[in-house]
Amino acid sequence: MSDETFDAGCEEYNTLARRDFLQLATGVGVAAMLPAWLPQVVLAQSSNSTRDIIVSIFLSGGTDGMSMVAPFGDPAYYTGRPTLAIPRPDAAGTGPKGVALDDFFAFSPGMAPLMPAYTAGDLLVAHATGSIDTSRSHFDAQRYIEVGKPRDPNISGGWLGRHLATSAPLRSDAPLRALGLTPGLPTTLVGAPRTLPIPNPANFTIGGSATTANARTQFMVQNYQGAVNPVAANALDSTNTIALLQRINFAGYAPSNGAAYPNSGFGSALRSTAALIKADVGVEAIHAFNGGWDTHAAQGNLPGLDGGAMHNRMLDLASSLAAFHADVIQGTTSYGVTVVIISEFGRNARENGDRGTDHGRGNVAFAMGRKIAGGRVLTNGWPGLAREVLEAGQDLRVTLDHRDILAEIVQNRLGNRNLGVIFPDYTPRVRGVTKA
(Lines give C-alpha, C1' and ligand atoms only; values in the text may rest on other atoms or scores of the structure.)
Protein backbone atom coordinates (compact mmCIF):
# COMPACT_ATOMS: atom_id res chain seq x y z
CA MET A 1 0.00 0.00 0.00
CA SER A 2 1.32 3.38 -0.87
CA ASP A 3 -0.64 6.02 1.07
CA GLU A 4 0.54 8.59 -1.47
CA THR A 5 0.06 12.33 -1.00
CA PHE A 6 1.01 14.89 -3.59
CA ASP A 7 0.65 18.41 -2.19
CA ALA A 8 4.31 19.15 -1.42
CA GLY A 9 5.95 16.79 -3.92
CA CYS A 10 7.93 17.80 -6.99
CA GLU A 11 6.41 17.44 -10.46
CA GLU A 12 8.28 14.20 -11.21
CA TYR A 13 7.16 12.51 -7.99
CA ASN A 14 3.55 13.63 -8.37
CA THR A 15 3.44 12.33 -11.94
CA LEU A 16 4.90 8.97 -10.99
CA ALA A 17 2.63 8.57 -7.99
CA ARG A 18 -0.56 9.57 -9.80
CA ARG A 19 -0.12 7.21 -12.69
CA ASP A 20 0.96 4.41 -10.32
CA PHE A 21 3.79 3.40 -12.61
CA LEU A 22 4.31 0.23 -10.64
CA GLN A 23 1.35 -1.24 -12.50
CA LEU A 24 3.56 -1.23 -15.60
CA ALA A 25 5.86 -3.86 -14.08
CA THR A 26 5.33 -7.35 -15.40
CA GLY A 27 6.53 -10.75 -14.28
CA VAL A 28 9.75 -12.05 -15.81
CA GLY A 29 10.64 -15.73 -16.00
CA VAL A 30 13.38 -17.09 -13.79
CA ALA A 31 15.68 -17.76 -16.76
CA ALA A 32 15.60 -14.10 -17.70
CA MET A 33 16.72 -13.13 -14.21
CA LEU A 34 19.99 -15.07 -14.20
CA PRO A 35 23.01 -13.67 -16.06
CA ALA A 36 24.34 -15.75 -18.94
CA TRP A 37 27.83 -15.84 -17.45
CA LEU A 38 26.65 -17.54 -14.27
CA PRO A 39 28.10 -21.08 -14.19
CA GLN A 40 25.86 -22.45 -11.44
CA VAL A 41 23.22 -21.30 -8.98
CA VAL A 42 23.07 -23.10 -5.66
CA LEU A 43 19.52 -23.20 -4.39
CA ALA A 44 19.33 -21.72 -0.91
CA GLN A 45 18.15 -24.29 1.61
CA SER A 46 14.86 -26.10 1.28
CA SER A 47 11.68 -26.93 3.15
CA ASN A 48 11.79 -26.88 6.97
CA SER A 49 14.60 -24.31 6.93
CA THR A 50 15.12 -21.75 9.67
CA ARG A 51 15.48 -18.82 7.30
CA ASP A 52 13.36 -15.73 7.95
CA ILE A 53 10.38 -14.31 6.12
CA ILE A 54 11.31 -10.87 4.80
CA VAL A 55 9.04 -7.83 4.88
CA SER A 56 10.42 -5.17 2.55
CA ILE A 57 9.11 -1.59 2.83
CA PHE A 58 9.97 1.17 0.40
CA LEU A 59 9.44 4.77 1.51
CA SER A 60 8.81 6.45 -1.82
CA GLY A 61 9.47 10.13 -2.37
CA GLY A 62 12.87 10.40 -0.73
CA THR A 63 12.59 10.58 3.04
CA ASP A 64 14.30 13.29 5.08
CA GLY A 65 16.43 10.96 7.15
CA MET A 66 17.83 13.82 9.21
CA SER A 67 14.33 14.57 10.45
CA MET A 68 13.61 10.93 11.22
CA VAL A 69 16.93 10.39 12.99
CA ALA A 70 18.48 13.73 13.89
CA PRO A 71 22.29 14.02 14.22
CA PHE A 72 21.97 16.45 17.12
CA GLY A 73 25.65 15.95 18.00
CA ASP A 74 26.72 17.72 14.81
CA PRO A 75 26.56 21.53 15.35
CA ALA A 76 26.21 22.12 11.60
CA TYR A 77 22.84 20.35 11.71
CA TYR A 78 21.36 23.33 13.55
CA THR A 79 23.24 25.87 11.45
CA GLY A 80 21.80 24.49 8.23
CA ARG A 81 18.28 23.94 9.55
CA PRO A 82 17.24 26.89 11.71
CA THR A 83 13.54 25.99 11.37
CA LEU A 84 13.44 22.25 10.67
CA ALA A 85 16.12 20.89 13.00
CA ILE A 86 14.77 18.53 15.68
CA PRO A 87 15.56 20.06 19.11
CA ARG A 88 18.20 18.25 21.15
CA PRO A 89 16.93 15.71 23.69
CA ASP A 90 18.27 17.96 26.46
CA ALA A 91 16.80 21.16 25.01
CA ALA A 92 15.21 23.51 27.51
CA GLY A 93 11.46 23.94 27.71
CA THR A 94 8.46 21.66 27.33
CA GLY A 95 8.17 21.71 23.55
CA PRO A 96 8.74 18.72 21.29
CA LYS A 97 12.30 17.46 21.21
CA GLY A 98 14.36 14.49 20.07
CA VAL A 99 14.45 11.14 21.86
CA ALA A 100 18.09 10.16 22.37
CA LEU A 101 19.33 6.95 20.75
CA ASP A 102 22.88 7.65 21.91
CA ASP A 103 24.97 10.75 22.54
CA PHE A 104 24.85 11.85 18.89
CA PHE A 105 21.58 10.69 17.27
CA ALA A 106 17.94 11.03 18.29
CA PHE A 107 14.55 9.95 17.00
CA SER A 108 12.23 12.80 16.14
CA PRO A 109 8.98 12.82 18.19
CA GLY A 110 7.20 11.20 15.25
CA MET A 111 9.52 8.18 15.34
CA ALA A 112 9.36 7.75 19.12
CA PRO A 113 6.91 4.77 18.98
CA LEU A 114 9.86 2.69 17.76
CA MET A 115 11.84 3.16 20.98
CA PRO A 116 10.66 -0.17 22.51
CA ALA A 117 11.94 -2.05 19.45
CA TYR A 118 15.21 -0.09 19.60
CA THR A 119 15.80 -0.59 23.33
CA ALA A 120 14.98 -4.31 22.95
CA GLY A 121 17.87 -4.53 20.50
CA ASP A 122 15.58 -5.52 17.62
CA LEU A 123 15.84 -2.31 15.57
CA LEU A 124 18.96 -1.18 13.73
CA VAL A 125 19.24 2.34 12.35
CA ALA A 126 21.76 2.87 9.53
CA HIS A 127 22.71 6.47 8.78
CA ALA A 128 24.52 8.18 5.91
CA THR A 129 23.46 5.24 3.78
CA GLY A 130 22.00 4.97 0.30
CA SER A 131 22.89 4.31 -3.31
CA ILE A 132 26.34 5.09 -4.66
CA ASP A 133 24.69 6.59 -7.75
CA THR A 134 24.26 10.36 -7.54
CA SER A 135 20.93 10.57 -9.38
CA ARG A 136 18.31 12.78 -7.76
CA SER A 137 15.57 11.51 -10.07
CA HIS A 138 12.85 9.66 -8.16
CA PHE A 139 12.33 7.22 -11.02
CA ASP A 140 16.01 6.41 -11.62
CA ALA A 141 17.07 6.29 -7.97
CA GLN A 142 14.18 4.01 -7.02
CA ARG A 143 14.82 1.70 -9.95
CA TYR A 144 18.52 1.39 -9.14
CA ILE A 145 17.71 0.33 -5.59
CA GLU A 146 14.96 -2.06 -6.65
CA VAL A 147 17.01 -3.88 -9.28
CA GLY A 148 20.12 -3.99 -7.08
CA LYS A 149 22.52 -2.22 -9.46
CA PRO A 150 22.62 1.34 -10.78
CA ARG A 151 22.69 2.36 -14.43
CA ASP A 152 22.54 -1.07 -16.06
CA PRO A 153 19.68 -1.17 -18.59
CA ASN A 154 20.25 -4.89 -19.19
CA ILE A 155 19.10 -5.91 -15.72
CA SER A 156 15.56 -7.21 -15.55
CA GLY A 157 13.82 -7.93 -12.31
CA GLY A 158 14.49 -7.02 -8.71
CA TRP A 159 16.94 -8.07 -6.03
CA LEU A 160 14.24 -9.75 -3.98
CA GLY A 161 12.87 -11.49 -7.06
CA ARG A 162 16.34 -12.91 -7.78
CA HIS A 163 16.65 -14.08 -4.18
CA LEU A 164 13.44 -16.06 -4.50
CA ALA A 165 14.39 -17.34 -7.96
CA THR A 166 17.58 -18.84 -6.50
CA SER A 167 15.96 -20.23 -3.33
CA ALA A 168 14.09 -23.46 -2.83
CA PRO A 169 10.61 -22.69 -1.45
CA LEU A 170 10.06 -22.88 2.29
CA ARG A 171 7.08 -25.08 1.42
CA SER A 172 7.13 -26.96 -1.85
CA ASP A 173 3.31 -26.99 -2.06
CA ALA A 174 2.80 -23.28 -1.29
CA PRO A 175 0.89 -21.60 -4.15
CA LEU A 176 2.13 -18.16 -3.06
CA ARG A 177 5.76 -17.50 -2.17
CA ALA A 178 5.67 -13.69 -2.24
CA LEU A 179 3.30 -10.81 -2.76
CA GLY A 180 3.37 -7.08 -3.26
CA LEU A 181 0.71 -5.13 -1.39
CA THR A 182 0.32 -3.09 -4.57
CA PRO A 183 -1.92 -2.88 -7.66
CA GLY A 184 0.97 -3.96 -9.91
CA LEU A 185 3.97 -6.16 -9.23
CA PRO A 186 6.78 -4.04 -7.71
CA THR A 187 10.08 -4.09 -9.56
CA THR A 188 11.74 -5.40 -6.39
CA LEU A 189 9.78 -8.65 -6.78
CA VAL A 190 9.83 -9.04 -10.56
CA GLY A 191 11.22 -12.45 -11.50
CA ALA A 192 10.13 -14.20 -8.32
CA PRO A 193 8.28 -17.49 -8.81
CA ARG A 194 4.73 -17.83 -7.46
CA THR A 195 4.45 -14.12 -6.77
CA LEU A 196 1.45 -11.83 -7.23
CA PRO A 197 0.44 -8.20 -6.67
CA ILE A 198 -2.33 -8.29 -4.06
CA PRO A 199 -3.30 -4.83 -2.77
CA ASN A 200 -5.61 -6.23 -0.10
CA PRO A 201 -5.23 -9.92 0.79
CA ALA A 202 -8.59 -9.86 2.60
CA ASN A 203 -10.58 -9.47 -0.62
CA PHE A 204 -8.32 -10.93 -3.30
CA THR A 205 -10.36 -12.47 -6.11
CA ILE A 206 -10.82 -12.43 -9.87
CA GLY A 207 -12.12 -9.04 -11.00
CA GLY A 208 -15.82 -8.64 -11.64
CA SER A 209 -19.08 -9.16 -9.81
CA ALA A 210 -18.83 -10.95 -6.47
CA THR A 211 -21.94 -12.99 -7.32
CA THR A 212 -20.13 -14.78 -10.15
CA ALA A 213 -16.66 -14.98 -8.59
CA ASN A 214 -16.83 -18.73 -7.84
CA ALA A 215 -18.08 -19.54 -11.31
CA ARG A 216 -15.33 -17.49 -12.94
CA THR A 217 -12.71 -19.14 -10.73
CA GLN A 218 -13.94 -22.59 -11.76
CA PHE A 219 -13.85 -21.55 -15.41
CA MET A 220 -10.26 -20.41 -15.01
CA VAL A 221 -9.25 -23.76 -13.51
CA GLN A 222 -11.04 -25.84 -16.16
CA ASN A 223 -9.92 -23.67 -19.06
CA TYR A 224 -6.22 -23.48 -18.17
CA GLN A 225 -5.38 -26.70 -16.37
CA GLY A 226 -4.70 -28.41 -19.69
CA ALA A 227 -2.63 -25.55 -21.08
CA VAL A 228 1.14 -25.64 -21.40
CA ASN A 229 3.36 -24.20 -18.72
CA PRO A 230 3.94 -21.56 -17.48
CA VAL A 231 0.34 -20.59 -18.38
CA ALA A 232 -1.25 -23.55 -16.60
CA ALA A 233 0.95 -23.24 -13.50
CA ASN A 234 0.32 -19.51 -13.17
CA ALA A 235 -3.43 -19.91 -13.55
CA LEU A 236 -3.61 -22.70 -10.99
CA ASP A 237 -1.33 -20.85 -8.56
CA SER A 238 -3.61 -17.81 -8.84
CA THR A 239 -6.80 -19.78 -8.17
CA ASN A 240 -5.12 -21.71 -5.34
CA THR A 241 -3.97 -18.41 -3.86
CA ILE A 242 -7.54 -17.08 -3.91
CA ALA A 243 -8.72 -20.17 -2.05
CA LEU A 244 -5.79 -19.95 0.37
CA LEU A 245 -6.39 -16.31 1.30
CA GLN A 246 -10.13 -16.86 1.71
CA ARG A 247 -9.35 -19.33 4.51
CA ILE A 248 -7.49 -16.67 6.52
CA ASN A 249 -9.65 -14.58 8.84
CA PHE A 250 -8.14 -11.18 8.06
CA ALA A 251 -11.18 -9.25 9.31
CA GLY A 252 -11.22 -11.05 12.65
CA TYR A 253 -7.48 -11.11 13.16
CA ALA A 254 -6.54 -10.38 16.80
CA PRO A 255 -3.00 -8.98 17.30
CA SER A 256 -0.85 -10.27 20.15
CA ASN A 257 0.89 -8.52 23.05
CA GLY A 258 -1.53 -5.59 23.10
CA ALA A 259 -0.43 -4.42 19.65
CA ALA A 260 -2.69 -1.75 18.13
CA TYR A 261 -2.28 -1.03 14.42
CA PRO A 262 -3.23 2.49 13.28
CA ASN A 263 -6.44 2.77 11.29
CA SER A 264 -4.57 3.83 8.17
CA GLY A 265 -3.65 2.28 4.85
CA PHE A 266 -0.16 1.37 6.02
CA GLY A 267 -1.37 0.19 9.42
CA SER A 268 -3.90 -2.08 7.71
CA ALA A 269 -1.20 -3.39 5.35
CA LEU A 270 1.04 -4.45 8.25
CA ARG A 271 -1.94 -5.92 10.11
CA SER A 272 -2.73 -8.07 7.05
CA THR A 273 0.96 -8.94 6.79
CA ALA A 274 0.93 -10.16 10.38
CA ALA A 275 -2.18 -12.27 9.79
CA LEU A 276 -0.62 -13.79 6.67
CA ILE A 277 2.64 -14.64 8.45
CA LYS A 278 0.88 -16.22 11.42
CA ALA A 279 -1.32 -18.31 9.12
CA ASP A 280 1.92 -20.13 8.20
CA VAL A 281 1.00 -20.79 4.58
CA GLY A 282 4.49 -20.66 3.08
CA VAL A 283 4.73 -16.97 2.14
CA GLU A 284 8.39 -15.93 2.21
CA ALA A 285 8.42 -12.27 1.17
CA ILE A 286 6.02 -9.34 1.39
CA HIS A 287 6.73 -5.96 -0.17
CA ALA A 288 4.87 -2.73 0.61
CA PHE A 289 5.14 0.92 -0.32
CA ASN A 290 4.67 3.88 1.99
CA GLY A 291 4.65 7.12 -0.02
CA GLY A 292 4.31 10.86 0.30
CA TRP A 293 7.82 11.70 1.52
CA ASP A 294 8.67 14.29 -1.14
CA THR A 295 8.66 17.31 1.19
CA HIS A 296 9.83 20.36 -0.78
CA ALA A 297 7.70 22.90 1.12
CA ALA A 298 5.99 23.26 4.51
CA GLN A 299 7.59 19.98 5.54
CA GLY A 300 6.09 19.98 9.02
CA ASN A 301 8.44 17.51 10.64
CA LEU A 302 7.42 18.62 14.15
CA PRO A 303 3.93 18.75 15.65
CA GLY A 304 2.51 22.23 15.20
CA LEU A 305 5.01 23.21 12.49
CA ASP A 306 3.19 23.93 9.21
CA GLY A 307 0.45 21.50 10.16
CA GLY A 308 2.87 18.73 11.08
CA ALA A 309 2.45 16.83 7.78
CA MET A 310 5.72 14.91 7.94
CA HIS A 311 5.41 14.46 11.70
CA ASN A 312 2.04 12.77 11.21
CA ARG A 313 3.43 10.58 8.44
CA MET A 314 6.35 9.53 10.62
CA LEU A 315 3.97 8.84 13.48
CA ASP A 316 1.84 6.55 11.29
CA LEU A 317 4.92 4.74 9.97
CA ALA A 318 6.50 4.30 13.39
CA SER A 319 3.25 3.32 15.12
CA SER A 320 2.51 0.72 12.44
CA LEU A 321 6.01 -0.76 12.68
CA ALA A 322 5.88 -0.69 16.49
CA ALA A 323 2.60 -2.62 16.43
CA PHE A 324 4.12 -5.17 14.03
CA HIS A 325 7.14 -5.52 16.33
CA ALA A 326 4.98 -6.18 19.37
CA ASP A 327 2.61 -8.47 17.48
CA VAL A 328 4.98 -10.59 15.39
CA ILE A 329 8.60 -10.11 16.46
CA GLN A 330 8.48 -9.63 20.23
CA GLY A 331 7.90 -12.32 22.83
CA THR A 332 8.40 -16.06 23.16
CA THR A 333 6.01 -16.82 20.31
CA SER A 334 7.89 -14.59 17.88
CA TYR A 335 8.13 -15.58 14.23
CA GLY A 336 11.25 -15.67 12.09
CA VAL A 337 10.79 -12.31 10.38
CA THR A 338 13.17 -9.58 9.24
CA VAL A 339 11.86 -6.16 8.19
CA VAL A 340 13.86 -3.77 6.01
CA ILE A 341 12.89 -0.14 5.35
CA ILE A 342 14.60 1.96 2.69
CA SER A 343 14.02 5.01 0.47
CA GLU A 344 15.42 6.16 -2.88
CA PHE A 345 17.50 9.05 -1.51
CA GLY A 346 17.69 11.54 1.35
CA ARG A 347 17.19 15.31 1.37
CA ASN A 348 19.51 18.32 1.34
CA ALA A 349 21.41 18.94 4.54
CA ARG A 350 20.18 22.55 4.58
CA GLU A 351 16.52 23.55 4.54
CA ASN A 352 15.22 25.62 1.62
CA GLY A 353 13.35 28.92 1.72
CA ASP A 354 9.94 27.21 1.88
CA ARG A 355 10.64 25.35 5.16
CA GLY A 356 11.17 22.16 3.20
CA THR A 357 14.06 20.12 1.87
CA ASP A 358 15.07 19.26 -1.68
CA HIS A 359 16.40 16.04 -3.20
CA GLY A 360 19.64 14.96 -1.56
CA ARG A 361 21.86 11.94 -1.04
CA GLY A 362 22.67 10.30 2.32
CA ASN A 363 19.71 8.92 4.22
CA VAL A 364 18.60 6.50 6.92
CA ALA A 365 17.55 2.88 6.54
CA PHE A 366 16.18 0.48 9.13
CA ALA A 367 16.28 -3.26 9.81
CA MET A 368 14.12 -4.95 12.44
CA GLY A 369 14.02 -8.51 13.76
CA ARG A 370 15.11 -10.80 16.56
CA LYS A 371 18.29 -11.67 14.67
CA ILE A 372 19.14 -8.07 13.79
CA ALA A 373 22.04 -6.55 15.74
CA GLY A 374 19.97 -3.56 16.77
CA GLY A 375 19.75 -1.08 19.58
CA ARG A 376 22.32 1.13 17.85
CA VAL A 377 22.93 3.53 14.99
CA LEU A 378 25.24 2.03 12.38
CA THR A 379 27.50 4.37 10.39
CA ASN A 380 30.58 3.84 8.31
CA GLY A 381 32.03 6.97 9.85
CA TRP A 382 29.82 10.03 10.16
CA PRO A 383 30.77 12.25 7.17
CA GLY A 384 29.70 15.51 8.83
CA LEU A 385 27.39 18.37 7.88
CA ALA A 386 29.77 21.31 7.68
CA ARG A 387 29.39 22.91 4.26
CA GLU A 388 32.96 22.15 3.21
CA VAL A 389 32.46 18.37 3.67
CA LEU A 390 29.00 18.10 2.11
CA GLU A 391 28.66 16.41 -1.27
CA ALA A 392 28.40 19.14 -3.92
CA GLY A 393 28.26 21.58 -1.00
CA GLN A 394 24.70 20.56 -0.15
CA ASP A 395 24.23 16.88 0.76
CA LEU A 396 25.11 14.35 3.43
CA ARG A 397 27.62 11.99 1.83
CA VAL A 398 26.76 8.31 1.37
CA THR A 399 29.37 6.34 3.30
CA LEU A 400 27.42 3.08 3.62
CA ASP A 401 26.11 1.32 0.50
CA HIS A 402 22.57 0.10 1.16
CA ARG A 403 23.44 -3.19 -0.57
CA ASP A 404 25.76 -4.07 2.31
CA ILE A 405 22.74 -4.05 4.62
CA LEU A 406 20.51 -6.01 2.26
CA ALA A 407 23.18 -8.52 1.27
CA GLU A 408 24.01 -9.44 4.86
CA ILE A 409 20.33 -10.00 5.56
CA VAL A 410 19.91 -12.09 2.39
CA GLN A 411 22.88 -14.29 3.28
CA ASN A 412 22.48 -14.65 7.04
CA ARG A 413 18.72 -14.37 7.58
CA LEU A 414 17.34 -15.61 4.24
CA GLY A 415 19.97 -18.31 3.79
CA ASN A 416 20.99 -17.37 0.25
CA ARG A 417 24.67 -17.09 -0.65
CA ASN A 418 24.12 -16.26 -4.34
CA LEU A 419 24.94 -12.61 -3.72
CA GLY A 420 26.66 -12.16 -7.07
CA VAL A 421 23.36 -12.94 -8.77
CA ILE A 422 21.16 -10.94 -6.42
CA PHE A 423 23.43 -7.85 -6.48
CA PRO A 424 25.28 -8.11 -9.82
CA ASP A 425 28.87 -6.87 -10.02
CA TYR A 426 28.95 -5.86 -6.38
CA THR A 427 30.98 -7.35 -3.54
CA PRO A 428 29.21 -6.51 -0.26
CA ARG A 429 31.08 -5.75 2.95
CA VAL A 430 30.01 -7.28 6.23
CA ARG A 431 28.77 -4.50 8.53
CA GLY A 432 27.52 -6.52 11.50
CA VAL A 433 23.86 -6.01 10.62
CA THR A 434 22.81 -9.47 11.80
CA LYS A 435 23.61 -11.62 14.79
CA ALA A 436 23.84 -15.36 15.28
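## Serine 108

Serine 108 counts as buried because its relative accessibility is 0%. Buried means under 20% relative accessible area, exposed over 50%, and partly exposed in between, with a 1.4 Å probe and protein chains only. The residue sits in the loop between strand E4 (106–107) and helix H5 (115–119). Helices (H or I, at least four residues) and strands (E, at least two) are DSSP runs, numbered from the N terminus.

Neighbours within four places in sequence aside, serine 108 is in contact with Ser67, Met68, Ile86 and Met314. Contact means heavy atoms within 4.5 Å.

## Basis of the model

This is a predicted model: local features need pLDDT of at least 70, side-chain atom pairs count only at pLDDT 80 or more, and totals for chains, interfaces and linings use all residues. Residues are numbered from 1 along each chain as its sequence is written, and side-chain values use heavy atoms, with hydrogens and water left out.

## Positive phi

Most residues other than glycine have a negative phi. Arginine 194 has a positive phi, near 50°. Its place is the loop between strand E6 (178–180) and strand E7 (195–197). Arginine 194 counts as partly exposed, at 33% relative accessibility.

Aspartate 425 also has a positive phi, about 60°. This aspartate lies in the segment after helix H13 (419–422). Aspartate 425 counts as exposed, at 62% relative accessibility.

## The whole chain

The protein chain has 13 helices and twelve strands. Of its 436 residues, 58% count as buried. Among contacts with a separation of 6 or more, 72% join residues 24 or more positions apart.
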